[in-house]
Amino acid sequence: QNFVHRPARPEVEAPSMPTHEETQQAIESFAGAESKAMNEVLMSAIQEIARTGIVSYNWASLVHLLVFQLKNILEDSSEQFPVIPTPGLAGEATYQESCNRLYSILAQFHGPPFTVQRLCELLLSPHRHHKTKLKLLAAVDKLLSVTTIVSEHEVCDSNFVAQDNQVADTPMEDSSENPPSQDGEGSKMEGTDGTIKEGDDKGTSEETKMSDD
């Protein structure tokens, strides 16, 4: 048999991932630039936070990137998800008015909100769970309706209650105490012969029946 010699295919090197320092520098440059544009390095920072829940970049610069991407997803118009003149959220006249308020809220956080991981997930896949622009807007509004922030390098909690991030301390009931009877009847007791005896109004039981064995 004749074998055809085929030259080995040249190995294609996988693109190297940017270092943390390179990503931080890219974020700093983005924050200070007048004309802003998203790129793979900047997007990798959002992906990292969505994956790990850890913010390892300077928040003062990172927040500019998050606001920019939030504008992209809320104001991006496509045939499937068009931006049309429509009322905004409750108390706001237009969709754009609601958007502007959310941009301002995000920009005013002096640290990462504890919902930042879920926010980054939305920034990457905005229409995965929200099929209309208004539903997406409402989801972002809920994520930013918090006051708790986390420190840099601290793991964020993606499982949260957005309506109120302050959990009230409620005293636990003592399960060892029997609740009072609502119908005024005494407690029922089982006699030695298996019969059920009714207690009187004072809670005392009737005399148990004894066997004559």
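This is a predicted model: local features need pLDDT of at least 70, side-chain atom pairs count only at pLDDT 80 or more; totals for chains, interfaces and linings use all residues.

On helix α1, the exposed residues E21, Q25 and G32 sit on the face turned away from the buried side of the helix.

**Helix α1**

- Helix α1 runs over residues 20-32, which makes 13 residues.
- From its first C-alpha to its last, α1 reaches 19 Å, close to the 18 Å expected at 1.5 Å a residue.
- The buried residues of α1 are T23, Q24, I27, F30 and A31. These residues lie on the same side of α1, because they cover an arc of only 120 degrees around the axis.
- The packing partners of the buried residues of α1 are α2 (40-52) and α3.
- Opposite this buried side, α1 carries exposed residues, namely E21, Q25 and G32.

**Salt bridges**

- Side chains of opposite charge can pair when their charged atoms come close.
- With a cut-off of 4 Å between a side-chain nitrogen of Lys or Arg and a carboxyl oxygen of Asp or Glu, the count comes to two salt bridges.

**The pair R101 and D141**

- R101 and D141 form a salt bridge in which the closest N and O atoms are 3.0 Å apart.
- R101 belongs to helix α4 (residues 95-107) and D141 to helix α6 (residues 133-143), so this pair ties together parts that are 40 residues apart in sequence.
- R101 has a relative accessibility of 29% and therefore counts as partly exposed, the range for that class lying between 20% and 50%.

**The pair E121 and R118**

- A salt bridge joins the side chains of E121 and R118, at 3.3 Å from N to O.
- Both residues are in helix α5 (residues 116-124), and because they are three residues apart there, about one helical turn separates them.
- E121 counts as partly exposed at 31% relative accessibility.
- R118 is also partly exposed, with a relative accessible area of 21%.

**Residue N72 in helix α3**

- N72 is part of helix α3, which spans residues 59-75.
- The relative accessible area of N72 is 31%, so N72 is partly exposed.
- N72 and M38 are 34 residues apart along the chain, and their C-alpha atoms are separated by 9.8 Å.

Definitions and conventions:
Residues are numbered from 1 along each chain as its sequence is written. Side-chain values use heavy atoms; hydrogens and water are left out. Helices (H or I, at least four residues) and strands (E, at least two) are DSSP runs, numbered from the N terminus. Buried means under 20% relative accessible area, exposed over 50%, partly exposed in between (1.4 Å probe, protein chains only). The expected span of a helix is 1.5 Å times one less than its number of residues. The arc is that of the directions from the helix axis to the C-beta atoms. Contact means heavy atoms within 4.5 Å.
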